[in-house]
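We will go from stop to stop, selecting as we go.

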Amino acid sequence: MIDTDAFQAAIELLASTPAAWWVVVPGLIIGLFFGSIPGLSISIAMAVFLPATLYMDFLPAILFLTAIFTGGGFGGAIPAIMMNIPGTSSSVATAFDGYPMARKGQHAQALGIGLMASVLGTLVGYLLLLLTVQSVSHWVLKLGPTEMLVIALWGVTLIAVLNDASISKGLAAGALGILISTVGYSDAGQMRGTFGSMYLLDGIPAIPALIGFFAASELFNLVGKNYIVDAQENRVVRFRSILEGMGFAASRPLQVLRGGGMGAVIGAIPGVGASIANLAAYATAKKQSKEPESFGKGHPSGLIAAESANSSSEGGSMITLLALGLPGGAGTAVLLSAFALHNVTGGPRFIRENTDIVYALILGNMAQAALLLVVGLGFIFLAGYIVKISLKFMIPVVMVLSVAGSYTITGNMVGPITVVVTGILGWLMRLYGFPVAATVVGLLVGSMAEGELVRSMQISGGSLGFILERPITLIFLALLLLSILPRIVGSVSKWKKS
């Protein structure tokens with residue numbers, strides 16, 4: 001639990017270090033800016049500004065980088081809601097209901113809901129970190145490759161099964177994503193699916209593919225329309241509507257806690273991160289809703305689940321960083337570099353000997369969440385004017401930026417070609433009722449699932465009986481089956497009646 005003496009010392013440390021607060025607002029603005037531009041990930045922003053922390057003290061340096069982390073966690077939601085383009089891979093599920101809300105003229109409410117859910121999710125994640133940081137390390141170490149494999153498959157299966165399409169189409173779309181992720185060299189050194197092209201040796205780039213499946217395919221659908229929001233009276237950005245959205249999210253504490261709790265737990269698992277948390281929380285919210293058929297059509301609860309989860313996963317990933325000295329994802333990998341830059345090594349010994357600094361970091365990040373409420377409010381008020389831009393100008397501009405951004409990511413034509421090809425494929429999938437989201441999830445977790453499968457087979461010597469010796473794996477498998485069983489039973493019943 002909480003060490004009260006160290007907690008008091010942490011408050012005094014923050015109060016006596018004004019530099020720790022000067023860097024927070026610039027960090028949040030940087031994170032919001034980078035997160036809101038598709039292709040510019042949070043980890044890129046943190047890496048770009050990492051050298052700036054060299055001459056800072058340890059506490060301000062880490063708070064500056066985590067402010068970028070916090071701002072970027074919400075920044076990715078802005079293009080996801082306004083243009084169906086997830087700013088980061090952790091905002092994929094945010095687009096599922098955020099964009100339909102925007103199309104209905106509820107863009108201001110959606111942005112308000114996303115901001116409040118993100119702020120509250122961040123608070124939930126760091127509150128759990130505060131309560132568990134001293135005791136969680138040995139639990140995280142119990143998760144081996146088989147558990148990680150089941151978690152990856154769980155994410156794909158939930159999204160594939162819990163959608164408006166048929167189960168077969170959902171699973172086929174998810175399998176397609178996993179198949180795309182296998183292009184290039186495998187963990188075992190095997191080359192697959194490159195068709196003899198040296199440009200595919202490193203595989204299909206995930207971010208350009210994500211931009212293509214979501215952004216380009218949606219832009220193709222919008223051709224012939226005049227505005228994102230059809231009714232002129234709805235193309236108004238009202239500050240009051242943003243506040244209404246914030247109030248709506250704040251009035252759903254149980255939904256925020258559920259999404260935030262899932263995000264923190266999933267974020268604490270090394271290598272999983274906010275992308276899976278965002279999707280898993282959304283799928284769970286849809287499954288437990290009394291009106292699951294309305295998800296994907298502009299249901300605010302889906303937006304709350306997605307944003308609270310991807311924001312709380314930041315606190316979860318910090319658990320792994322502080323308790324084990326291991327990065328939970330790309331963002332915490334940059335934070336680990338900052339630790340090394342200041343000759344600090346995370347882990348149980350660091351927590352034991354510097355509990356006051358650990359608490360100061362946690363409390364500082366909780367304060368960042370409160371500041372995000374103010375900074376983010378001004379940011380989204382400006383971003384809301386996107387709906388007033390004619391699609392005749394927006395479609396070519398966004399398409400050019402998407403293609404150019406993909407080129408900067410890959411450094412060659414693989415990025416732009418990936419955007420165009422996956423855009424056409426995504427458009428065809430939408431046309432014939434295949435869920436694009438399932439393909440994207442398969443693409444995001446496919447490489448991780450393959451790596452964990454290879455490690456599981458190496459450890460077990462190829463014996464499937466090894467699973468019986470892993471009780472946590474069996475529990476995860478049982479939960480996976482229970483989560484998809486109702487949909488399967490319902491589909492079978494409908495098939496028999498027809």
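**Ground rules**

This is a predicted model: local features need pLDDT of at least 70, side-chain atom pairs count only at pLDDT 80 or more, and totals for chains, interfaces and linings use all residues. Residues are numbered from 1 along each chain as its sequence is written, and side-chain values use heavy atoms, with hydrogens and water left out.

**The whole chain**

Start with everything selected. The chain holds 23 helices and two strands. Helices (H or I, at least four residues) and strands (E, at least two) are DSSP runs, numbered from the N terminus. Of the 498 residues, 56% count as buried. Buried means under 20% relative accessible area, exposed means over 50%, and partly exposed is in between (1.4 Å probe, protein chains only). Now consider contacts, meaning heavy atoms within 4.5 Å. Among those between residues at least 6 apart in sequence, 81% join residues at least 24 apart.

**Stop 1: helix 3 and helix 5**

Select residues 24–35 for helix 3 and residues 58–75 for helix 5. Their axes come within 6 Å and cross at roughly 40 degrees. Axes are lines fitted to C-alpha atoms, for helices over the stretch in contact, and angles run from 0 to 180 degrees between N-to-C directions. Helix 3 passes helix 5 in a right-handed crossing. A crossing is right-handed if the near helix is turned clockwise from the far one by less than a right angle, and left-handed if anticlockwise. Show the side chains next. Helix 3 brings Val24, Gly27, Leu28, Ile30, Gly31, Leu32 and Gly35 to the contact. From helix 5 come Phe64, Ala67, Ile68, Thr70, Gly71, Gly72, Phe74 and Gly75. These contact residues divide into eight nonpolar, seven polar and no charged. Ala, Val, Leu, Ile, Met, Phe, Trp, Tyr, Cys and Pro count as nonpolar, Asp, Glu, Lys and Arg as charged, and the others, Gly among them, as polar.

**Stop 2: helix 7 and helix 8**

Move to residues 92–103, helix 7, and residues 107–132, helix 8. The two axes come within 7 Å and cross at roughly 150 degrees. Helix 7 is therefore roughly antiparallel to helix 8. Angles over 145 degrees count as roughly antiparallel, under 35 as roughly parallel, 65 to 115 as roughly perpendicular and the rest as oblique. Gly98, Met101 and Ala102 of helix 7 meet His107, Gln109, Ala110 and Ile113 of helix 8. Four of these residues are nonpolar, three are polar and none is charged.

**Stop 3: helix 8 and helix 13**

The crossing is right-handed. On helix 8, the contact residues include Gly112, Ile113, Met116 and Leu120. On helix 13, look for Gly245, Phe248 and Ala249, among others. The contact residues of this pair divide into 11 nonpolar, four polar and one charged.

**Stop 4: Asn365**

Which helix holds Asn365? Select helix 19, residues 355–383, and Asn365 is there. At 0% relative accessibility, Asn365 counts as buried. A polar atom of its side chain lies 2.6 Å from the backbone oxygen of Leu361. Beyond residues up to four places away in sequence, Asn365 touches Leu63, Thr66, Thr70, Thr122, Tyr126 and Glu314.

**Stop 5: Gly261**

Gly261 lies in helix 14, residues 253–267. Draw a line from Gly261 to Val124: they are 137 residues apart in sequence and 7.0 Å apart in space, C-alpha to C-alpha.

**Stop 6**

Is Met413 buried or partly exposed? Met413 is partly exposed, with a relative accessible area of 49%. Find it in the loop between helix 20 (391–410) and helix 21. Then select Thr418, in helix 21 (residues 414–431). Thr418 is buried, at 7% relative accessible area. The Thr418 side chain reaches the backbone oxygen of Val414 at 2.6 Å.

**Last stop: Gly451**

Finish in helix 22, residues 436–460, at Gly451. Gly451 is buried, with a relative accessible area of 1%. The C-alpha atoms of Gly451 and Leu149 are separated by 8.4 Å, though the two residues are 302 apart along the chain.

Technical notes: Polar contact = N/O pair within 3.5 Å; in protein donor to acceptor, adjacent residues only side chain to side chain.
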